[in-house]
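This report describes disulfide links, strand pairing and model confidence, in that order.

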Amino acid sequence: MQENEKLDHSICVGRLAISNLFLFSDDDTTFACFLHQFFLVTTIVSQPYRRPDQIETLLAFKDEFDSCNNSVARSWIRDAIAFDGVVFDSETGVVTKLDLRGGCLDDTLGGNSSLFKFHHLRYLDLSYNNIDSSSFLAELGRLTNLDSLDLSNNDLVGKVPSSISNLSRLTYLDLSSNNLNSSIPLLYNLTKLSSLDLSNNRLKGKVPEWLWNLPSLTALSLSHNSLDSFQGSQKEVFLNSSLVCLYLTSNAFDGPFPTIPETMRYMVASNNDFTGEIPLSLCNPKNLSVLDFSNNNFSGSVPNCLSESLTVLNLRDNKLRRLPDMIFGAIDFSGNRLEGQIPESIGLLKSLIALDLSNNRFVGYIPSSLGKLTNLESLDLSRNQLSGRIPQELVTLTFLAYVNLSQNKLTGPIPQSTQIVGQNGSSFEGNVDLCGLPLEKRCFQENVQPKTQIQQSKSPKQEQVLNWKAAAIGYGPGVLFGIAIGQFAHLLLFFPTMTLHVPLSSISCLFALSFLVTTLVSLPYRRLGQVESLLAFKNEFTLSCNNSVTNSWTLDAISFDGGLFDEDTGGVTELKLRGACLSGTLGANSSLFRLQEIRYLDLSFNDFSSSLPAEFGRLTDLEYLDLHQNRFTGELPSSISSNTTILTKLYFLDLSNNSLQGKVPEWLWNLPSLTALSLSHNSLDSFDGSPESLHSSSVLVYLFLNSNAFRGYFPNIPPTVKYILASDNNFSGEMPLSLCNSRNLLFLDLSNNRLSGSVPRCLSGSLALLNLHHNNLSNLPDTFSNSSLKMLDVSHNQISGKFPRSLVNCKSLEFVNVESNCFSDTFPFWLESLPNLQVLILRANRFYGPISSPHYPLTFSKLMIVDISRNMFDGSLPPNYFMNWSAAISLAYDRPRLKFIGDSYSLGFHPSLSINNKGINMMLDRIVNVFAIVDFSGNKFEGEIPESIGLLKWLIILDLSNNGFTGHIPSSLANLTDLESLDISSNQISGTIPQELGKLSFLSYINMSHNKLTGQIPQGTQFQKQNESSFEGNVDLCGFFLQKSCLKNVSATTHTQHQNESAFKGNVDLCGFKENASATTQASHASKTMHTLNSSNPMLLFSILIVFHFVLLFSIPLSTNIDSSFLYSRLVSHLNMPSSSTCLPPEIFSPTGLVYIFSFSVGAGPVSGLIIPELSSNKTRGKITVERKGRSLEENIELALNTRDEVT
C-alpha cells in the first residue's frame, strides 16, 4: 500500500511539472508562478521515502546514548527534513547507511541495542567513539548485510570479535587504533573482504596464514602492533595472496623478509628488525611503486633489478653498503653506510622530487646530471665525504626549495641563484673551503649584486595582485571608478615620480572615495573553502567555556579571532587558539589538515585527548607548532611526512605537558629547520634509532626533555644545541663527551637523574648555568674559566676532594650549591672576590677550620643566603664578623625592587633551595631577593655570638644550633624586626634572655633549649606561643611553659622553718600558667599573665572563710553543694595550671553552698578572689575577681559541672 501511494505521488508531481512547462509564456506573472511551483516540486521530490518504523528505531537508538554538541544524531527528530549521517533506500525506505563517526557513543550500548534492528544496513561507521562493550561487539554478527564496517579509534579491548566471521558480505573492515591485545584470530567466511586495517593495536605473535588466502584481500595494514613473525615458510607466506598494499610498519618482525607477491604495488615495512639482504623477489612485481624498508637491519647491496616503475624508495637507516648503477623513483638512502660515488645515472630520473643521500660515506664529486632533475624540490647530500665544486647546473632547478650540502669537503664558490641564496647558511657549513652567499665568507673576485637591488621593482605577480585588488574594490562604489583606480595604480607603478594635477573642486570627492576604498581594502580576502574548513574544525569539538575565541567564527564574520588570512591567496596562515576551550578528539580526518597554507599554529592549553595525528605532516608550510598543555596520549607517530615532503620549515615544536609515551621517533631530528623542541612533562622513555641519531639535527638550539621517563645513557647531542633541560628522568651512566662538541652550550640541567662518574672538564667553558643536583657524580673538575657562569648546583652527589678554586674566575656567579657531597677543604675565603654571589650553600660536607680571618672581616657585597651547616668548621667569630655583609644590611635602608634570584637566567628558570626553617626542612622553589638566611648549625664554633649579627636587618632565619657558643645572647638580636625563626639550641650560652626579644612580632619559632640560660622568659606574645621544649635543658630558667616560678617564695613555714622572710629567698616554686585560648573570656590584657602562688597564712585565711561561709548561709538560700576538690580541678584546668605542681591545696576552697572563695599571698602584693556561681542543671557561671597591685581585674568564667571531662 505504501509503495503504491508513493508511485501515485510521483506521477502526480511529474504531471504538475509538465503542465507548468506548457503554461510557460512571456508574461512575468506566469513566469514567477512557474518558478514558485518548480521550486515546490523540486523540494518535494528531494525528500526521500522513509519507513516510519525505521525512524522510530533511529530515535530509540539515539536515546541509548548522550548526544554531544557535535553529534550528527542531534538532528534526528520525528519530522526532521534530514537525518544527518543516515541514508535510506530510495525504494524500500529502510536504513542502509549509518555514519556516526565521532558521534559520542560510549560503553552504554549493549547487546540489545536498537542498532541491531537495522537488518538492511550495508554501511556502518562507528569510528572515533568510546565503545568498549563486549556484549555490543558480540551482536555485530546479526548485521549480515554489512558491506563496510569501521570501528576504528574506539576503546575495544581483548580479542578481535569473532562475530565478524558472520559478515560474509563484508568488503571493508577497519579495527585500527583500539586496544586489541591478542593474536589475530581465524575470521572465516570473509571471502569478499578487500581491505583490512588492524593497525595501532597491541596485537602480538604470528601473522596467521589464512590472511594471505583471502581471495579478495588487496589492502592490509598491520602497522604499530607487536607482531613478530609470519606463519608458514618464508617463500610461501604470500604465495596465494593478491595483495596490492601491505603495511607492516613498527612491529617486532625480525629475520629475512619473505617473498612478496607479484601483485604488490605499495610495500611499507619500516621500523622493524628485518635482517639479511634485500630479497630479489622485489624484482618480480612489475608495478611496484613504493618501497619503504627504512629503520631495519638490511645489509649488502641494493638490487639492480628494481623496477623502473618505482617512484618512492626509502632505505634509510640500514646497513647497506652499495648503491646500484641504475636507480629509479624518489629516493631516501640516508643513514646507511653507502660508499663510492653518486651515480651519474641519477640524472635520468626526470620525475624525481626528493633525494636524500645524507649520512653515508659517498666520496667524489656531486654529479652534474642533478641539473637535469627539473622537478627536484629537496636535495640533501649532507654528512658525506663529497669533494670538489658544487655543479653550476643546480642553478637551473627552479623548484628546489630545500638544499643541504653541509659537513662535506666541498670547495669553491656556491652557485648564485634565488633558490640557493635563499637557503640558511647552515645548509653549507662544515665545508672549510666553500665560499659565497649565503655564507658570510666571500670568494675572491666575487661579484654579487647587493640584496637591495634585487627588490627594486615589483614582480609581475605583485603588479597583478595590486590591479586585481583595485578592480575588486571597484565593484563597491561603482565599476567605472574601480577600473579608473586600477589604471591609476598601474600608472603609479611605472611612473612613481609622476605629478598629478587635480582640480581643487574635486578634492573633497577624492577624499571621500579614498576613505571608502581604504575601508574596503581593510577587509581581508578569505577563500570560502578556508572559512568553511575553520567552521568545520570548530564544530569538531565541544567548548568547555563561554569565552572561546572561536565564538566569533561564523560564515559571514567580519573577523575570525585568532585567525589570520593571507591577503593574496585568502588562505589561513596563522591560527592562535591558545586556551580556546576546545575539548575532544583531534582526528586524522580533522578539517584542520585542510588548512595547508598555515604557518603558525598554537593549540596549547586546550583539552585534546586523542593520540597525536601524523597528519600534521600535511601542513608543509608549518613553521611554528605549539600543542603543549593538552591531553594527547599514546606514542608519537613514527612518521609525520606527506609523500616525500617533510616539515622542512618547522622551527618551533612544543609537545610538553601531555601524556605521550614510548620512544621519541627519529624523524624529529631530521626536521631541517627545527631550532626549538620541547617534549617535557610526558612519559617518554627512549629514543628511536642509534645514539648518533640526534646528530641529524643541524640547527637545533633548544632541547627540553625534562620530567619524562627516559632511561639509559644520555644521547649524543648535536653541536648546535645551546640549551638542554633533561632533569627528572632516569638517565644513567657517565655524562657524554659529546657535550663538549657544543662550543656554545649555555644552559645544562641534568638534575634528578642517576648519572655517575666525573663532570666533563670541557663544561667549564661557555656555560652560564650548570645544574646537576641529585645524581651519583663523583668528581668536579677544577678548570672553571668561564666569566659568564651564573649558577652552579651539584648538590646531593658523591663528589669528593677540594672545592674548585678556579671558581674565582667566574665573576658572574650568583648561586653556588654543593650540599650533601664529600668535599674536604677549608672555608673558601676567596669567594668574597665574587661581586655577584648571593647564595652560598656548603651544607653537609666535610669542610673544616675557621671561617673568619684573623686580620680583617669577610666582605660579601651581595651575599644574602649562607648555609654552612653540618660541617666541621671551628674557631670563634669576631664581634664585627657580619659588619661587611653590605647587601643584607643595606636592604633595610634601601629596599630593592622585588625580584627572584634567577630572573636574569634564560627560559624562566629559577634555582630552588632546601632550607631548615622553624625546625623542619622545606623547599624554596624560588628565592626572593629581599630576605637573608644564616645557618651555621652543626659545627664546632666557640666564643660569643657576634653583636654585629644585629646589623642584618632583613634576616628572617638564624640557626646557630649544635655548636659550642658561649657568653650571652646578644641584645642586638632585637634589631632583627623581620626575624621569623631563631634557633640557638644545644650550645653553652649563659645569662638571661634579653627582654627586648619579646618585641619581635614576626618571631614564630624559637629554640633556646639545652644551654645555661637563667632568669625569666620574656613575656612577649610570640614567646607565649612556643612549646615547653623550646626552653628545656636550662636549669635556672623560669617562667610560663616551665614548672618553675620566677618569684621568690615568701609563704609562711611550718615549725621546722625559719620565721625570717629572708630565709625563703631563692626558694622559687614553678606555678606559672598561661591563658587558655579555648575558654570563653573577655579579660583585659593584664589578666593574661596571672600567677597563682603559695598561701602566706592558711590558718588566718581558713578563719575568714568560715566566717564568710556562715554569713552567706544566712543571707542566700542554699540550693545545692559542689564538691570543692572537683571545683578546684575545674578551676586549675581553666587556668591551664598543672594540678600536680600547684601550690594551692584543695582544702583552701571553702564550700558555702553557693560561694567558693580562694586567696593567695604573692611577693608583689595580696591577690584574692571568689567565685559566685549561678547554678543551673548542668553548669555554673560566675566571675573571678583578682586584686593585684591595687588594681581590680575581673574575668568571666563558665565551668561545666555535669562531666569531669568538659571545660568550656
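## Disulfides

The structure contains two disulfides, a disulfide being a pair of cysteine sulfur atoms within 2.5 Å. The model is predicted: local features need pLDDT of at least 70, side-chain atom pairs count only at pLDDT 80 or more, and totals for chains, interfaces and linings use all residues. Residues are numbered from 1 along each chain as its sequence is written, and side-chain values use heavy atoms, with hydrogens and water left out.

Cys545 is joined to Cys581 with an S to S distance of 1.8 Å; this link is right-handed, at 95 degrees about the S-S bond. Cys545 lies in the loop between β29 (542–543) and β30 (563–565) and Cys581 in the loop between β31 (572–576) and β32 (582–584), so the pair ties together parts 36 residues apart in sequence. The link of Cys740 and Cys762 (S to S 1.7 Å) is left-handed, at -70 degrees.

## Parallel sheet

Five strands, in the order β21-β23-β25-β27-β28, form an open sheet with parallel pairing. Strands are DSSP runs (E, at least two residues) numbered from the N terminus, and two of them pair if DSSP finds at least two bridges between them. Strands β25 (residues 385–389) and β27 (residues 409–413) pair over three bridges, with Gly388 opposite Leu410 in β27.

## Confidence

The protein chain has an average pLDDT (the predictor's confidence in each residue, from 0 to 100) of 74, and 71% of the residues score at least 70. Over residues 1174–1179 the pLDDT is below 50, yet this stretch has 18 contacts (heavy atoms within 4.5 Å) beyond near neighbours in sequence.

Conventions
Helices (H or I, at least four residues) and strands (E, at least two) are DSSP runs, numbered from the N terminus.
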